[in-house]
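Got a model open and wondering where its labels come from? Let's go through them one by one.

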Amino acid sequence: MTPVAVMVGANRIVPAAGIIHPLGNTELSPDEEKALRRRIVEKALQALRTEVVAPTVFGGE
Amino acid sequence: MKSLRVVCYLNQFFGQLGGEDKAGVGPQAVKGAVGPARAVEQALGGAGTVVATVRCGDNYVAEQTDKAVAELLALVAAERPDLVIAGPAFLAGRYGVACGALCAAVQAKLGIPAVTGMHGENPGVDLYRRQVYIVETGAEAGRMLAEVGRLVALGLKLVRGEPLGTPAVEGYFARGMTRHIVAERNAAERAVAMLSAKLAGRPFASEVPLPDFPRIPAPRLLKTLEGATIALVTDGGLVPQGNPDGIEPLNATRYGAYSIEGKAGLDAGQYDNVHRGYDTTYVKQDPHRLVPVDVARELEEQGAIGKLHETVYSTTGVATTLAHSARMGREIAEKLRQAGVDAVILTST
């Protein structure tokens with residue numbers, strides 16, 4: 001869905017793990033899943049720290 | 001055909017009362033045509049007469065719009081007009097909003113047509129284009145005569161009940177109306193023609209107007225993350241069991257504010273998900289797959305962020321209208337700002 005986010009003008013966009021579980025992955029063990037979630041949130045924090053002038057996608061995993 | 005009675009509306013500047021020093025002047029009507037209203041008179045040709053020019057200071061209207069519009073409406077009504085022409089306001093924001101508000105009121109309360117004109121970036125356009133015919137003009141008054149001519153031509157069509165062409169043909173801002181027409185060629189033929197034009201580098205126009213998403217400048221985080229309060233927001237449909245705010249499963253008009261105070265995470269047993277745009281099985285099993293309260297709390301405890309905001313805002317983003325989305329976003333942002341939140345992580349499905 002990141003192209004939609006870019007199109008509507010969201011400024012800082014972090015690709016997540018999927019529509020049905022953006023911050024999880026049922027294929028992973030609970031610990032791995034939480035680690036994945038943490039990486040995505042940390043990426044979001046990194047994006048917040050970054051100055052942008054246009055919709056910017058902060059690369060995925 | 002009887003000569004039409006036309007009333008013009010002008011601000012203090014075009015109404016020849018003065019500049020900013022006269023922007024507080026209240027409504028007044030003068031007989032006949034003043035300033036650009038004379039161009040209206042000219043454009044009417046023999047079709048009608050400007051019986052009065054109503055004028056008012058921009059600040060007077062901007063500071064008390066309801067009261068000012070009611071007063072202006074009374075002055076307009078007293079002239080028993082067949083048509084009202086407001087402005088054009090070009091790029092003058094307060095003037096444009098006043099023109100839009102007056103035209104809307106004239107149509108609604110007096111039941112007669114009203115036309116105004118503005119530049120596309122005048123805030124009056126977005127506020128009133130759906131209610132009022134707003135002719136597109138330049139940013140400044142350099143081509144007054146020609147542009148007033150277009151306002152008058154549209155106004156005459158409305159008074160006479162003549163059919164209007166498309167906004168592009170008539171030169172007014174689209175009002176968001178859908179009208180059935182019979183096309184000469186079927187959709188496949190038109191689509192192929194459009195594709196051919198695109199490939200050949202020829203101009204073409206889509207038949208589907210894309211919504212206009214205004215560019216919002218990206219704000220900068222003014223603090224370090226270690227000192228910042230971060231809020232979690234989602235359009236993925238998280239609600240407490242029982243959906244106490246009645247958030248709609250699609251086409252949402254409401255959002256909820258849910259406290260996470262004292263919670264290290266979200267207990268699946270306490271939450272539900274009403275979003276009808278994706279399979280919510282997995283986020284119901286573990287709401288953190290949608291709203292990462294668990295890791296955000298850890299980051300808070302570890303000092304990576306200053307504070308996790310204790311309220312999560314949630315709605316369902318599916319077939320939600322742009323207007324409701326924008327309103328909900330504005331309201332949530334205002335609440336977050338008042339609560340001292342510095343940044344938001346919005347999780348979306």
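**The sheet in chain B**

Six strands of chain B form an open sheet in the order β2-β3-β1-β4-β5-β6, and the pairing is mixed. This is a predicted model, where local features need pLDDT of at least 70, side-chain atom pairs count only at pLDDT 80 or more, and totals for chains, interfaces and linings use all residues. Residues are numbered from 1 along each chain as its sequence is written, while chains are lettered from A and ligands numbered from 1 in the order in which they are written.

Q: Why do β2 and β6 of chain B stand at the edges?
A: Each has a single partner strand, so one side of β2 and of β6 (133-136) in chain B is left without a neighbour in the sheet. On average, neighbouring strands here are turned by 25 degrees against each other, direction ignored. Axes are lines fitted to C-alpha atoms, for helices over the stretch in contact, and angles run from 0 to 180 degrees between N-to-C directions.

Q: How do you know that β1 and β3 of chain B pair?
A: Pairing takes at least two bridges found by DSSP between two strands. Strand β1 (residues 4-11) of chain B has eight bridges to β3(B), running parallel, so the pair qualifies under that definition. B:Cys8 stands opposite B:Thr53 in β3(B).

Q: What makes β2 of chain B a partner of β3(B)?
A: Four bridges join β2 (residues 28-31) of chain B to β3(B), and these strands run antiparallel. B:Lys31 has B:Ala52 in β3(B) as its bridge partner.

Q: Which strand does β1(B) join through four parallel bridges?
A: That is β4 (residues 83-86) of chain B. There, B:Tyr9 has B:Ala86 in β4(B) as its bridge partner.

Q: Which strands does helix α6 of chain B touch?
A: Helix α6 (residues 144-160) of chain B packs on the sheet and touches β1, β4, β5 (114-118) and β6 of chain B, its direction making about 155 degrees with that of β5(B). Contact means C-beta atoms, placed from the backbone, within 7 Å.

Q: Why is β3 of chain B called mostly covered?
A: Seven of the nine residues in β3 (residues 48-56) of chain B are buried. A residue is buried if 20 or more other C-beta atoms lie within 10 Å of its own, with C-beta atoms placed from the backbone.

Q: What makes up the helix and strand count of chain B?
A: Chain B has 11 helices and 13 strands. Helices (H or I, at least four residues) and strands (E, at least two) are DSSP runs, numbered from the N terminus.

Notes: A residue is buried if 20 or more other C-beta atoms lie within 10 Å of its own, exposed if 12 or fewer, and partly exposed in between; C-beta atoms are placed from the backbone. Two residues are in contact if their C-beta atoms, placed from the backbone, lie within 7 Å.
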